[in-house]
Amino acid sequence: MKDNKPFGNEIAKKFNIGDLVKWQEWGQDMDGNFIRYLNFGMLVNIIHKHLGERDVVFASILPLDEKQTIEISISKLRKIQTN
């Protein structure tokens, strides 16, 4: 059975442009220890890209305190609840 839906399509339905989001990244400190970075930003666009034989959903995010957007797989994002 072939699935024609883009990877991340169901997750993307939970987001709206302008949502405040968070995501994690891993890095190393000066001693070589692994540390987790928690990042925050605003969702500015949802993008579908064709990779391999399937479409994949990415998010264009404007990180807080930054001036340029970045693209992240939508599956890495978590929505921050606001009032």
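The model is a predicted one. Its chain contains one helix and five strands, and their order along the sequence is α-β-β-β-β-β. Along the principal axes, the C-alpha atoms occupy a box of roughly 50 × 35 × 20 Å. The chain has 83 residues, of which 28% count as buried. Its accessible surface amounts to about 6,400 Å², and carbon and sulfur atoms account for 50% of that area. Of the contacts between residues at least 6 apart in sequence, 42% link residues at least 24 apart.

Strand 1 pairs with strand 2, residues 34-51, in the antiparallel sense, and nine bridges connect the two. Within this pairing, G27 has I35 of strand 2 as its bridge partner. The hairpin of strand 1 and strand 2 has five residues between the strands, and G32 in this hairpin adopts a positive phi near 90°. Strand 2 is also paired with strand 3, again in the antiparallel sense, over ten bridges. Here H50 is found opposite D55 of strand 3. The hairpin of strand 2 and strand 3 has two residues between the strands, and its turn includes G52, with a positive phi of about 65°.

The largest nonpolar core comprises eleven residues: A12, F15, V21, W23, L43, V57, A59, I61, I72, I74 and L77. Strand 1, residues 20-28, and strand 3, residues 54-63, each contribute at least two residues to this core. Strand 3 provides the largest share, three residues. Apart from residues up to four places away in sequence, I74 touches G8, I11, A12, F15, I46, V57, F58 and A59.

D19 is situated in the loop between helix 1, residues 9-12, and strand 1. D19 is classed as buried because its relative accessibility is 12%, below the cut-off of 20%. A polar atom of the D19 side chain lies 2.7 Å from the backbone nitrogen of N16. When neighbours within four places in sequence are set aside, D19 is in contact with K14, G41, M42, L43 and K79.

Definitions and conventions: Residues numbered from 1 in each chain as written. Predicted model: local features only at pLDDT ≥ 70, side-chain atom pairs only at ≥ 80, totals over all residues. Heavy atoms only, no water. Core = buried A, V, L, I, M, F, W, Y, C linked by side-chain atoms within 4.5 Å. Buried < 20%, exposed > 50% of the residue type's maximum accessible area, 1.4 Å probe, protein only. Helix = DSSP H or I, 4+ residues; strand = E, 2+ residues; numbered from the N terminus. Contact = heavy atoms within 4.5 Å. Pairing = 2+ DSSP bridges. Polar contact = N/O pair within 3.5 Å; in protein donor to acceptor, adjacent residues only side chain to side chain. Areas by Shrake-Rupley, 256 points an atom, 1.4 Å probe, with all protein chains shown as cover.
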